[in-house]
Amino acid sequence: MQKPSFLQAASCLILLTLIGCASTPQPPEHAVQADDSMLLPQVRTVQEAQWILDDYARYRQALDAVKNNDDLLPMQYLATQRAENALADAVRVQWLASLGNRGQWEMFAEQYNRLPERARTQNVRCYQDLMTITHSKTVSPLARELARSADNLPASCGQLITAAAFTGSLDGQDAWRRVWVALAYNKISEARALAQALGEPLPARLGGDPDGTNAGAASALSGIITPTARNAAGADERLAALEASGSLNAAQAAFAHGILGWSQARDLNMAGALRHFQAADLKALNDDQWQWYARAALRVQQWPTLDRVIAAMPPSLQKDPAWQYWRARALSAQQYTAQAQTLYQNAAASGRNFYAILAQEALNRALDVTNNAPSASAAQVEQILQDGAIDHALVLFQASLIDGDRDMRVAAGLQWRYAVRDYGEDALLAAAQLAYQRQFYEMAIYSAERTNHKLNFQLRYLAPFRDLTERYAGEVGVDPAWVYGLIRQESRFMIGAKSRVGASGLMQIMPATAQHIARNIGLESYDVNHMETNIQMGTWYLADINRSLGDEVLATAGYNAGPSRARRWQASVPLEGAIYAETIPFNETRDYVKKVMANSAYYAKLFGEQGTLKQRLGTVAAR
């Protein structure tokens, strides 16, 4: 059956609020129909479409008012809400941050009590505890916990720690270490405020020689651990000189080593990183530092070191499928086969992520894309439509298609996620089916991905526009499964998607890149948001990068971060593709590459292609 055009589909979406469009594509059905009875945890009242659109306009006005510290409009907006919903929570969270920042505690307390527990962000919780200290001088467990943290925290949490320090309720060593952490994240004002609260103000000019005081040591450390200092030549030598002179105590020197190890690992100087990490205080490392310690050992394939590092990680990190897989690899390299098998099994059971796939392959298990749940019946889909929160999301989504309003589409997604958050697996699959029928593809994937036992791979790995995608992929010689893996990660099949940095369309093409592509393929005029044009341009650009870099993993990294960076991240020796991917310095690109390649493996299996993810990852050549 021929797919409806975008305009036909949009018209259908607007006209039919409560029923599916008959010409909308359906995913294949591979199982018998489920029983029509399906209980939802809560069914919200359906509102009038015009009220929902008017409410969205008030929502945008309220958010704009919050940015200007105007309390009237958010107060009025929240007063109009007929039920709890995602947009109301979003306004209240932003307003609470504004109220806390201004110390408007009476109004803050009233609104905080109305915010559902699970919507309370760390930023808002810190303001809540700061209010408590301000009024009663009572220091919460949260303040003490955060004082021990080596993480980059929101400003409100920094204020909370400082307020707790003024009461004298914090452990001195924890609090001074927190000063060092603030300096390492270049939060100089926060570090100064906390040192002042501890009774030893930092010198006006930082970076001088230590004078035997806590403040003097922190000042000397700033000459090593701030972003500018640690990236400048001579940071290693400065630390070595301070250690040799006895100017830093063991804790101060060990902290500095942890920061320099973290910094050098992200610069891919793994030998230097390992040297510093081995001299660091492991108890003072945060999760990101621990993971870069492991990546440093992984990149140079020091398997015994990698084994020891992962074994010493906090338990929450040890349970991450990435580190279960890599520890299994490290154990296997040391001939500890039984222990390795157990970890492979744990990683393989973690879901359908990058490392779950690699672990399954290590256990000689083929990727399974068999649906084990029946497709949702028409009655089940209709039942989902009776949930007012779902209807709210669909009204916003449908209007966003007509208006081309990206922010409205984002709001529709927020509302959809809110609606399905307590759905059981049958309801999630019915919601995914509904979203697919309405071409709300990103929410079809989101809903289908939330099931752990009842699986529908045609909904998890949608393949709309397949005729166009396969045609253009074939013309430039790239694997359609790879193209689909990339589109799924880039835009979740959102036609006309536009990022905050200006990338557009299904394949998220930047304006300058679009001009480059157009010149090369002979397009005198083009609309990068047009579905077919975007696929044509995106597949050509992906093929061009692949020809230049000669490798799907490198090309995937280059598509996200630029070909020159992808080359810069190559090692001086050939690297296993999975090792290259795991040691990409940019968090976004590292996550992107792993997800695109995992997606591609699933699409390849669904499309009947042969091969494994490990084969697809291959070996990245030396630079």
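Biologist: What does Arg102 count as at 26% relative accessibility?

Modeller: This is a predicted model, in which local features need pLDDT of at least 70 and side-chain atom pairs count only at pLDDT 80 or more, while totals for chains, interfaces and linings use all residues. Residues are numbered from 1 along each chain as its sequence is written, and side-chain values use heavy atoms, with hydrogens and water left out. Buried means under 20% relative accessible area, exposed over 50% and partly exposed in between (1.4 Å probe, protein chains only). Because its relative accessibility is 26%, Arg102 counts as partly exposed.

Biologist: Which side chain meets that of Arg102 in a salt bridge?

Modeller: A salt bridge is a side-chain nitrogen of Lys or Arg within 4 Å of a carboxyl oxygen of Asp or Glu. For Arg102, the N to O distance is 2.6 Å, and the partner is Asp71.

Biologist: How many residues apart are these two partners, Arg102 and Asp71?

Modeller: Helices are DSSP runs (H or I, at least four residues), as are strands (E, at least two), numbered from the N terminus. Arg102 lies in helix 4 (residues 86-102), and Asp71 in the loop between helix 2 (49-67) and helix 3 (72-79). The pair thus links distant parts of the chain, and the separation is 31 residues.

Biologist: Which parts does the salt bridge between Glu442 and Arg409 tie together?

Modeller: The two side chains meet at 2.8 Å, N to O. Glu442 is buried, with a relative accessible area of 8%, and Arg409 is buried, also with 8%. The pair ties together parts that are 33 residues apart in sequence, because Glu442 and Arg409 lie, respectively, in helix 26 and helix 24.

Biologist: Which helix holds both Arg466 and Glu470?

Modeller: Their side chains form a salt bridge of 2.7 Å, N to O. Arg466 is partly exposed at 31%, as is Glu470 at 33%. The two are 4 residues apart, about one turn, and both lie in helix 28.

Biologist: Which element gives the largest share of the lining of the largest pocket?

Modeller: On a 1 Å grid over the protein atoms alone, a pocket is an open set of points where a 1.4 Å probe fits, with protein on both sides within 12 Å along at least five of seven lines, and lining residues have an atom within 4 Å of a point. The largest pocket has a volume of about 1,000 Å³. Of its 35 lining residues, the closest to the centre are Gln489, Glu490, Ser491, Ser499 and Gln508. The largest share, 5 residues, comes from helix 24.

Definitions and conventions: Points joined across faces, edges and corners; volume = space filled by probe spheres on them.
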